[in-house]
Amino acid sequence: MTDPGNTAHHSAPQGILARLRWLVPLAFLVVTGWLLWREVGTQFDLPEIQRTLLDVPTLPALAIALLALFAVAFTGLVDGLIGHWLGLGLHWRDYLRLSFVANALANTLNLSGAMGAGIRLMGLTSHKVHLPRAAALIGMQALSLPLGLSLLVVFTLATRSLPLTAGTTERTIAYLVLAAAALYLPLYFFLTTRRSLMRWLPHDLGLPPLRLRLELLAVSLLDWVLAAAVLWACLWISGAHVKGGLLLGAFAGASVLGLASQVPGGLGVFDGLILIALKEAGYDPPVIVSGLLLFRLAYYLLPLLAGLYVGSEMFTQNSQALARLRTRLSSHPLFGLLGLPAVLLADFGTRIVAILTFLAGALLLASAAMPSVIEHVNVVREHLPILFVEGASWFSILTGVLLLGLARGIDGRLRVAYRLTMWLLLISAGLAVTKGLHFGEALFLLAVALLLRTRKRAFTRRAMTLGAMTSAGWYAGLAACVLVFFAIGAAQVLGDDSFDLFYIGFGEHTSRIGRGLVAAGFGLVVYFIWQFFAVRRPELSLPNRGDLEQARAIYRAHGGGEFAHLTFMRDKHLFWAADHKAVVAYGSVRNRLVALGSPCGPESAIDQAILEFRRHADAQDRVPIFYEVLEPDLSHFHDAGFDLFKLGELAIVKLDEFSLAGKRWEDLRQAVNRSTKEQLTFDMVAPPHDSGLIAEVREVSDAWLAEKGSVEKGFSLGRFDGDYLDWSALALVRRAGKLIAFANFVPGYGSNGTASVDLMRHVSDAPRSTMDFLFAKVMLWAQAQGYPSFSLGMAPLSRVGDNPYARINERLASLAFRYGNNLYNYQGVRRYKDKFKPEWIGSYLAYPRGAWVPGLLIDIAALVAGGYGRFLFKR
């Protein structure tokens with residue numbers, strides 16, 4: 001038994017740690033921002049920064065890009081050395097490729113070490129590496145990577161080449177953090193000699209030898225030196241010729257504090273500390289900022305794009321494999337510590353491309369908001385007419401707003417959004433050069449277009465859900481960027497007394513941004529109009545008579561399951577699969593496509609039909625659900641990656657065992673015996689049914705509905721409809737010639753079809769045994785027709801979650817079965833059907849992994865009721 005006090009004791013530290021994960025990065029960013037304001041203040045010169053970036057020579061910039069890619073790939077030597085010691089048997093190129101992808105993403109998007117660990121694990125398991133060995137490599141890699149940085153800190157502290165601010169408090173805090181970093185080196189060598197501290201290593205493996213640890217130290221040191229070399233080169237071509245020793249000290253200190261901040265990539269903290277340190281050494285802030293921007297592009301963004309390209313296959317692994325991987329990891333202490341976000345990796349590549357598309361739009365607006373560098377304006381003036389340049393600037397703002405909006409479509413894998421975004425990125429790259437020789441901006445846009453092109457196959461959807469919280473987040477980002485652009489533009493226009501909206505000139509930035517505000521507003525209007533028409537789902541059509549006849553032919557040839565006959569109510573859509581060999585009857589509610597039962601068709605086509613229906617739903621950004629699938633079919637849905645929730649059990653009577661003799665059928669026998677005394681007669685009437693009979697049946701149906709205070713339902717329950725009733729025979733019970741009860745017979749399709757009844761209604765003054773009499777007669781008639789079995793229907797929530805090992809959703813549902821009889825007679829339905837001594841078969845809901853089951857059940861209840869209006873207001 002768990003001690004509540006002990007549980008509370010453990011939960012309190014976890015709550016504190018969760019808060020620290022947010023507070024520590026925020027505190028570092030605030031302190032760094034305050035130091036920047038104090039040390040640098042208003043010395044930022046945006047035109048000078050822009051001029052410096054545009055003046056960067058192309059060939060040296062390409063050389064730095066190659067150096068940055070090499071520096072990130074070099075870290076793979078750490079993985080290779082550890083893998084060789086572990087005897088994994090992988091080729092060096094496998095280690096380098098996997099390490100490059102992991103490091104490229106972890107540098108920018110690190111989640112407490114989980115990103116790099118997760119990607120490495122995905123790659124290692126794809127190479128059939130066992131989990132204990134994979135965990136050992138990842139753990140050793142995480143321990144070894146900071147070694148070089150620790151040695152750099154030791155060196156800089158020993159030589160006093162570490163630049164620090166003049167404030168006593170700041171210096172003291174910085175020295176404490178750096179001293180802790182320096183102590184990591186001896187701590188590592190101590191830690192790796194204690195088996196009790198390295199118990200996560202495989203039991204058949206010894207401790208890492210000294211030679212391996214020294215090799216890892218050397219490689220780690222070179223890795224950090226290479227990163228510092230990339231920063232030094234970026235600063236050099238920006239005009240800041242920083243001495244090597246000074247830069248190495250600043251880089252070591254900023255890297256340690258950036259890692260300690262827990263901010264992904266040390267963004268803001270690392271850059272701010274480098275800027276403060278080099279500004280104190282006498283270098284111009286605009287030049288330093290330009291170099292840092294180039295460093296972020298070369299060492300972070302470029303490898304990120306390359307890593308996504310190289311690892312694209314890894315990111316498209318199916319969610320089922322990832323879920324199995326997460327289950328395997330849950331018991332391992334190392335990965336429990338890391339908190340691997342395996343599910344997030346399933347669609348990670350597309351999400352990154354969507355973010356980059358959004359950043360491309362933001363970059364275009366930011367570029368338009370800043371004044372153009374006069375030297376580049378003069379070059380453009382010499383070669384292009386003024387109206388061409390003005391048009392390029394105006395359309396650049398328009399495409400920027402459109403890209404901000406289209407990022408939502410890219411995230412939703414919308415095919416039309418992909419096509420439009422590709423064209424806009426290519427056009428925007430040309431406009432970036434035309435409006436002011438913004439070659440860096442053009443290269444970024446082209447790089448995003450290239451990355452987007454590599455994921456072309458992911459864009460399969462023809463429609464998208466707009467009302468989800470995900471859409472709200474993207475729209476908030478779009479609104480924020482456009483509002484900031486409007487604020488900047490309005491401030492510049494209102495601050496210029498000579499502003500003239502229609503004045504056109506190469507150097508008239510205020511007039512240009514004023515017209516840009518019109519372009520931004522126009523872009524918003526165009527985007528929302530486009531979205532209204534482009535992402536709408538196609539109208540789902542109901543089947544006609546010919547479609548239903550085709551469906552019935554499939555049912556008769558291959559069987560239709562328990563619910564095939566409900567197709568003829570014509571309230572469900574038909575999805576034809578496996579080259580028209582199989583059919584799925586389904587309904588639609590909100591963003592759900594709910595199939596009733598399993599697909600119908602030849603056994604060889606069932607798996608294909610399930611997958612095609614899932615793709616059909618995915619193409620419309622809908623959730624595919626299969627409602628009331630039975631136990632014999634569960635393997636099909638398991639293999640297609642569906643989770644299962646038990647809905648209840650179906651009662652099946654074997655008709656070859658049925659008779660009115662014996663104790664088992666005593667209730668039915670008594671009902672039949674009493675029928676003569678109560679003047680009851682039974683008749684089965686084959687279709688088509690004449691209008692007079694339908695009128696009689698309607699009178700009984702209306703009286704039954706009025707007595708129950710109910711309305712007609714649908715989908716998985718029959719409703720009174722003359723056309724529907726004409727698809728099968730009617731079972732009629734009369735008293736002294738007057739109709740008092742009826743049921744429509746549901747034929748069993750295929751050679752082993754199960755017969756049943758659907759609508760069962762009677763007048764209020766019918767004898768108590770009327771429905772038992774009807775049941776008995778219908779079962780005898782079905783037996784005479786050669787049907788092997790008869791379904792009594794489902795007992796909802798029967799035998800659901802009735803053991804302590806059941807899933808939590810099913811255990812909660814069992815409470816409704818036990819205590820919810822005031823809302824529905826769950827136990828009474830089970831007891832009534834149990835008296836027939838039937839065979840009970842489980843009925844399940846098959847749904848995509850991760851969906852919220854209570855929400856799905858509410859949606860299905862609304863679908864059965866005929867919509868949310870009737871479900872909520874009982875209309």
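This is a predicted model: local features need pLDDT of at least 70, side-chain atom pairs count only at pLDDT 80 or more; totals for chains, interfaces and linings use all residues.
Me: Why is glycine 714 called buried?
Reply: Buried means under 20% relative accessible area, exposed over 50%, and partly exposed in between, with a 1.4 Å probe and protein chains only. Glycine 714 has a relative accessible area of 4%, and is therefore buried. The residue is placed in the loop between α28 (691-708) and α29 (722-725). In the chain, 52% of the 875 residues count as buried.

Me: Which residues does glycine 714 touch, not counting residues up to four places away in sequence?
Reply: They are Met569, Asp571, Arg719 and Val864; contact means heavy atoms within 4.5 Å. Glycine 867 lies 153 residues from glycine 714 in sequence, with 10.0 Å between their C-alpha atoms.

Me: Why is isoleucine 529 called partly exposed?
Reply: Its relative accessibility is 47%, so isoleucine 529 counts as partly exposed. Isoleucine 529 belongs to helix α23 (residues 509-534); helices are DSSP runs of H or I with at least four residues, strands are runs of E with at least two, and both are numbered from the N terminus.

Me: What makes arginine 408 and aspartate 411 a salt bridge?
Reply: A salt bridge is a side-chain nitrogen of Lys or Arg within 4 Å of a carboxyl oxygen of Asp or Glu. The closest N and O atoms of arginine 408 and aspartate 411 are 3.7 Å apart. Both residues lie in helix α19 (residues 386-411), 3 residues apart, about one turn of the helix. Arginine 408 counts as buried because its relative accessibility is 5%, and aspartate 411 counts as buried because its value is 6%.

Me: What makes glutamate 549 and arginine 545 a salt bridge?
Reply: Their side chains meet at 3.5 Å, N to O. Because they are 4 residues apart in helix α24, about one helical turn separates them. Glutamate 549 has a relative accessible area of 32%, so this residue is partly exposed.

Me: Why are glutamate 649 and lysine 646 called buried?
Reply: Glutamate 649 has 7% relative accessibility and therefore counts as buried; lysine 646 is buried because its relative accessible area is 11%. The two form a salt bridge, with their closest N and O atoms 3.3 Å apart. Elsewhere, salt bridges that share partners join Arg413, Arg461, Asp618 and Asp621 into one network.

Me: Why is one side of β1 and of β6 left without a neighbour in the sheet?
Reply: Two strands pair if DSSP finds at least two bridges between them. The open sheet has 11 strands with mixed pairing, in the order β1-β2-β3-β4-β11-β5-β10-β9-β8-β7-β6. Since β1 (573-577) and β6 (680-685) stand at the edges, each has a single partner strand, so one side of each has no neighbour in the sheet.

Me: How do you know that strand β2 and strand β3 pair?
Reply: Strand β2 (residues 582-589) and strand β3 (residues 592-596) are joined over 4 bridges, in the antiparallel sense. Tyrosine 586 has alanine 595 of β3 as its bridge partner.

Terms used:
Residues are numbered from 1 along each chain as its sequence is written. Side-chain values use heavy atoms; hydrogens and water are left out.
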